[in-house]
Amino acid sequence: MAAAASLTLDRVESGEPLPELAIDVDVSTVVLGALATRDWRPMHHDKDFAVERNGTRHIFINTPHNAAYFERYITDWTGPKGRLGRIKFRMKDSVFPGDTMVFHGTVDGVRTDDTGCGWADLSLWLTVGDKTTTECTASVALPVGENDNPWKRTRENWKP
Amino acid sequence: MSELDPEVQAWIGEKRYPVESEFDVERGYIFSSCSSVENANPLYWDEKTANDVTDGFIAPPTMISAWFRPHQWAPHREAQILPLQVHFDLKEKLELPEAVMTDNTIVFGVPVRVGDRLRTHQVLRSVSEPKTTRLGTGRFWEIDVIYENQHGESVGIESYTGFGYRRKA
């Protein structure tokens, strides 16, 4: 496998958008995510339970699976040297089989902290149709030059 | 102002429900996670990239809570601690039958490495005065879930804000 390129801080500008990512969701999407996150609760694999007990129209994507999608969305953009420092999200609505979810993002700011670590602060959001189902902010560390690697930062040099 | 139950007051800042993961961090679940979201990051698939960038294979940071979800069944188990047990304790003790989580923040520490055996505990940070929202009347609370590796290093802190409430009549 060829080494993947990584985004460096000097190539990022405040206000720039991240490329959108669209995912068609089906039953397998939801169930795979539930199993991968070891979430055995029936509302993520049993439609009858979800409809009758939760009052939803179908099974739905669980929170850690949602987080994994946001992580993928961020590191698709940064490449492997992008190191996630902090993520905050608020799920406002559920995502169901049959939905097409679209991830969006924009760079809120670019900064270097007092340890010399470069950061991109991001606003991210997930939509289904014209509805925003999750709002998210994240800070991802990026190399400040070709020879920098945020993953090599140890405890005292890592302040997410 | 309504006084907070003294037992609940004593929980604030207390280390509760220390748990060790039931199994070591392993690549099978890392593949399952990456596959479930089509995450092609070579850190998780390519040994040379993993060695060059992270000194070996690590787990995606957002998998952090997955390592602590108990098996659906295990022999000799009589009771299992729920993830966010403190949240359920608060609902019961404060007699607030409904609850929602409003915010979830994760701050990541040292990378989680294949072979790690992680530990976790929960800390109640705060409980608000009674509040009334469109959902009903109850209290907000903040809970931290602290994750450490076998060396005692913080691999992450997950902070939740919950609102336990009674529906409006």
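## Exercises on the A–B interface

In chain A, strand β2 (residues 83-91) pairs with β2(B) in the antiparallel sense over 4 bridges. Two strands pair if DSSP finds at least two bridges between them. Strands (E, at least two residues) and helices (H or I, at least four) are DSSP runs, numbered from the N terminus.

The model is predicted: local features need pLDDT of at least 70, side-chain atom pairs count only at pLDDT 80 or more, and totals for chains, interfaces and linings use all residues. Side-chain values use heavy atoms, without hydrogens and water.

**Exercise 1.** Find the residue of β2(B) that stands opposite R86(A).

*Solution.* Take the strand pair β2(A) and β2(B). Opposite R86(A) stands V107(B).

**Exercise 2.** Describe the extent of the contact between chain B and chain A.

*Solution.* Start with contact, meaning heavy atoms within 4.5 Å. 41 residues of chain B touch 35 residues of chain A. Next, take buried area: the accessible area (1.4 Å probe) lost on being put together, summed over both parts. The two chains bury about 3,300 Å², 54% of it on carbon and sulfur atoms.

**Exercise 3.** Count the salt bridges between the chains and locate the one made by D103(B).

*Solution.* Apply the cut-off: a side-chain nitrogen of Lys or Arg within 4 Å of a carboxyl oxygen of Asp or Glu. The count is 3. D103(B) bridges to R90(A), with the closest N and O atoms 2.9 Å apart.

Then list the elements. On the side of chain B that touches chain A, α2 (27-36), α3 (47-54) and β2 (98-108) each supply at least two residues. The largest share, 7 residues, comes from β2(B).

Conventions:
Residues are numbered from 1 along each chain as its sequence is written. Chains are lettered from A and ligands numbered from 1 in the order in which they are written.
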